[in-house]
Amino acid sequence: MSRLFSSVAEFISLTGFSSLESGDVLMLGVSCLLLYLAIHKGFEPLLLVPIGFGMLLSNLPETGIFDKGGLINYFYFGVKAGVFPPLIFMGIGALTDFGPLLANPKTLLLGAAAQFGIFATLLGSIFLGFNLSEAGAIGIIGGADGPTAIYTASKLAPHLLGPIAVAAYSYMALVPMIQPPIMKALTTGEERSREMLQLKEIEKPVRILFPIVTTLLTGLLLPSAAPLIGMLMLGNLFRECGVVERLLKTSEDALLNIVTIFLGVSVGASMTAETFLKWETIGILLLGFIAFGIGTATGVIFGKIMAAFSRTPINPLIGAAGVSAVPMAARVVQKVGADENPGNFLLMHAMGPNVAGVIGSAIAAGVLISLIRI
């Protein structure tokens, strides 16, 4: 009998249960919460399911799955080397119609205004004791652009990559909950119900030239932003040129899905108890929320200013779409506007500042990387 007990005890010592600590249990609980929000509540499931499951895998003791030579450690190379975010940008570019931005170019200013939260949060992060590189990586969360946040963190503060990525994607998923109260607080019923004129159609040559010219200007003025902007515009060129249908389908479908899986799982796997259960992580989550709120507010306020000086009617709600959460922020604008005026169709108008926000956050990331590295 004693030999049996000895064998059972030896077997248990070889299982993960013997090495399970309270931090591991807590992180496994967090991973299950993310999976619940993604699957049951529908919060950004394409991102939170792989992130949550990657977190689940890496917090199981004794698996070695995220150690050097482990399976997910190889996935993580694409994050550390800054490969995955530009590839995702290529897929986003292939899926994105820049027509609303080209039809109303002044909405580019709304996308720029919404990036104010990035730089405001950078200053707040420094005030709380983060160094300049860490503050730059944290501030980019305000752009509500997961790939850009990951890319910036991988360049400026790799040790904060996990919490920054989770914060960025969490706030992207929570756009329908976070933005409406801010939008309503800053606008009147008349402003929310205001209808805008129909956008003009953009000719094909202009659509083709836009990604080429944008890449040239960005690459020459801000080389550090070229990987993100360049791949975004390459994907859009696939979409608009009309002669590479196979490349378009691959970049907007198969490749985007594959990279999303690898990126999500590897980022989630970086969220271990040792890296996540710190006061600085809570600070990052709080600062990210503030950054996102400021970005939404400045976009709406600038929309109000623009409306005051515009000859044509502008609904200031579209300024809230200046954050980079495409197309969730534009859909929120449509919903808030339609709640006030059921006949109000703001979606395409909101897509202008929404795609401008993607460009703006990538440029902001390039500025931070360039200046902080000097």
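Me: Which helices each supply at least two residues of the lining of the second largest pocket?
Reply: A helix here is a DSSP run of H or I, at least four residues long, numbered from the N terminus. For the second largest pocket, α2 (22–39) and α11 each supply at least two lining residues. This is a predicted model, where local features need pLDDT of at least 70, side-chain atom pairs count only at pLDDT 80 or more, and totals for chains, interfaces and linings use all residues. Residues are numbered from 1 along each chain as its sequence is written, and side-chain values use heavy atoms, with hydrogens and water left out.

Me: How much space lies in the second largest pocket, and which residues are closest to its centre?
Reply: A pocket is an open set of points on a 1 Å grid over the protein atoms alone, where a 1.4 Å probe fits, with protein on both sides within 12 Å along at least five of seven lines; lining residues have an atom within 4 Å of a point. Volume is the space filled by probe spheres set on the points, which are joined across faces, edges and corners. Here the second largest pocket holds about 250 Å³. Its lining has 13 residues, and Leu33, Leu34, Leu37, Val166 and Ser170 are the closest to its centre.

Me: How do the residues of that lining divide?
Reply: Ala, Val, Leu, Ile, Met, Phe, Trp, Tyr, Cys and Pro count as nonpolar; Asp, Glu, Lys and Arg as charged; the others, Gly among them, as polar. In the second largest pocket, twelve lining residues are nonpolar, one is polar and none is charged.

Me: What about the largest pocket?
Reply: It holds about 700 Å³. Of its 30 lining residues, Glu44, Ile92, Leu95, Leu256 and Val326 lie nearest the centre. The lining has 20 nonpolar, five polar and five charged residues.

Me: Which helix gives the largest share of that lining?
Reply: α16 does, with five residues. Several helices each supply at least two, including α3 (45–58), α5 (84–95), α10 (146–156) and α16 (245–269).

Me: Is Gly142 buried or exposed?
Reply: Buried means under 20% relative accessible area, exposed over 50%, and partly exposed in between, using a 1.4 Å probe and protein chains only. Gly142 counts as buried because its relative accessibility is 0%. Gly142 sits in the loop between α9 (132–139) and α10. From Gly142 to Thr215 is 73 residues in sequence and 24 Å between C-alpha atoms.

Me: Where is Gly343?
Reply: Gly343 is in the loop between α19 (328–340) and α20 (347–373). With a relative accessible area of 37%, Gly343 is partly exposed. Gly343 and Glu195 are 148 residues apart along the chain, yet their C-alpha atoms are separated by 8.4 Å.
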